[in-house]
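Work through the two exercises below with the sequence and the model open. Each task is followed by its solution in steps.

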Amino acid sequence: MPWLALPLLVAGCTTPGSGEEPGPSCPDAAACPCQPGQTDLPDDSFQDSNCDGVDGTASAALFVDPASGQDINTGTREAPLKTLSYALQRVANQGKALYLAQGTYDEPSLVLDKPVSLYGGYSGVEGGWARGNYTTHLRGGGVGLTVSGLGKDAGITLERMRITSASATDAGTPSIGVRVMYSGGVKLRYVEVLAGAGAPGTPGSTPPPNLQGGVDGGVGQSTFQATSPTRADGGAPGVGGCSSDPAGRGGQGGDFLTSATDGESGIPSADGGIAGGRREESCPGTCQCIGNPGGKGQDGAEGAPGTDGTPGDGIGQLQGDSWMAHVGATGGPGAPGGGGGGGGGGGYCELTTSTSVISQGGGGGGGGTGGCPGMGATGGSGGGASIAVLLINGLVELESATLKTTGGGQGGAGAHGGAGGPGGRGGAGGTAYTRTSNYSGLVVDSTGGPGGAGGNGGVGGRGGHGGNGGGGPSVGVWCDATSTFIQRDTVFDLGPGGRPGNGPAPTGETGLRGQSYQCPSAP
Ligand SMILES: [Ca+2]
């Protein structure tokens, strides 16, 4: 019945009252008339194709308006809901899409876990639900929006929305604009995503100083009577403690016709004290005689510092359902301090005019052993990432999307290495007895030289500095091994990668900056 088909066509393509002549094509989409019963999805020319008064199908949607909606409402145009989270609970039972009015939706932990499309760009109640360049802004938390658990082909669209994530505040944590997990068939059209800044990384910590010192050297022997039966011995070196480098024994004091001896060297580099020389005096010119003192042993060498921890990278890794920073390595322990040198023995004294008037020198003190090594400091953690779209087992299609990142956080500074313990103290040199005698009617005092003090053990080497954390990455799309995305006309506007930590260890890596990371090339 062709006569019946023609009037239907005419009616279907004529806007009542416009007088517009129908045509097969209606070339100007905005002027194209509506037809009741026609399929009407929200489209790019904002066309009401089924004459129900909105772009899209009012009966297939719940309406949400943050300005004038109420969550006790039914979700119609006249009585819209207020929050996305409540609308998502409601829509799960009805299988509808959500039509979103302009305005800001402050919903910090929104999870889209039902196969529901979100269409923004509506004016809302005040504007009669016209659709156009109205800004629908979902302002989320550390993750702007999570899409989760929709299976391989959810068949959903997020359209004409601005989705922002808050800058991260907990040290080293990321800010992620949109996270799609375990969901495929997710399309983002005319969506602007802005990830906030990643948080700065955690600094490392310096361990407490190692209080364990070296072992003290022994005291040199003193001469204790007018004529000691034996020479004064040098003090024993300290033995034990952390250091395996021996300290030096003190030198022996001098005796009549026998020179004092030098102190032994400490290992690796502390010289022993020089022996005091014999000193002669004649009387009556001076009726007092003092032997030359032994030299002090040299202090032990400070232990070498530990190796610095290697810096963390500026990439980090996925962990569970999120991203985590890497940490700079802990520094190595320092080396123990070296042993102190022994003190030199004291010289003896004699009167040239009488070999019977002599006195012995004291023994040198023993060297102390080195102090215990300092511990390495812990490294700084990396700065948090700024990721516009994170995909974990996600398959996403981007069309005319704008992906922005604010930038990665600065890496935490590796800490200073811990201080080493003090060296053992060198032993004191032995003192010498003063001998008083009469010689040809004169009173003569003669005193041997005192022994030199032993050298102190070296300070333990400080621990290595902790590695500096890397800067946080700044990435448009980050994929795990099971994710990919395809895109058309995507604009990337990426903030900088974070700066590395600035501790004393070598500089770390600046945060990675790139449009995508580990995403396979589009099929
Ligand atoms: Ca419509």
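For sorting residues by class, Ala, Val, Leu, Ile, Met, Phe, Trp, Tyr, Cys and Pro count as nonpolar, Asp, Glu, Lys and Arg as charged, and the others, Gly among them, as polar. The model is predicted: local features need pLDDT of at least 70 and side-chain atom pairs pLDDT 80 or more, while totals for chains, interfaces and linings use all residues. Residues are numbered from 1 along each chain as its sequence is written, and side-chain values use heavy atoms, without hydrogens and water.

**Exercise 1.** Describe the lining of the largest pocket by class.

Solution.
- Step 1. On a 1 Å grid over the protein atoms alone, a pocket is an open set of points where a 1.4 Å probe fits, with protein on both sides within 12 Å along at least five of seven lines; lining residues have an atom within 4 Å of a point.
- Step 2. Of the 14 lining residues, Tyr134, Arg160, Met161, Arg162 and Tyr190 are the closest to the centre of the largest pocket.
- Step 3. By class, this lining has five nonpolar, six polar and three charged residues.

**Exercise 2.** Which residues coordinate the calcium ion, and with what geometry?

Solution.
- Step 1. Donors are N, O and S atoms within 2.8 Å of the metal (3.2 Å for Na, K and Ca); water is not among the atoms, so sites may look incomplete.
- Step 2. Asp40 (OD), Asp48 (OD), Asn50 (OD1), Asp52 (OD), Val54 (O) and Gly56 (O) coordinate the calcium ion at 2.1 to 2.4 Å.
- Step 3. Along the chain, the donors follow the spacing D-x7-D-x1-N-x1-D-x1-V-x1-G.
- Step 4. The six donor atoms make angles of 77 to 174 degrees, and the site is octahedral (six donors, opposite ones over 155 degrees apart and all others between 65 and 115).
- Step 5. Val54 counts as buried because its relative accessibility is 1% (buried means under 20% relative accessible area, 1.4 Å probe, protein chains only). Gly56, at 0%, is also buried.

Definitions and conventions: Tetrahedral: all angles 85-135°; square planar, octahedral: opposite > 155°, others 65-115°. Buried < 20%, exposed > 50% of the residue type's maximum accessible area, 1.4 Å probe, protein only.
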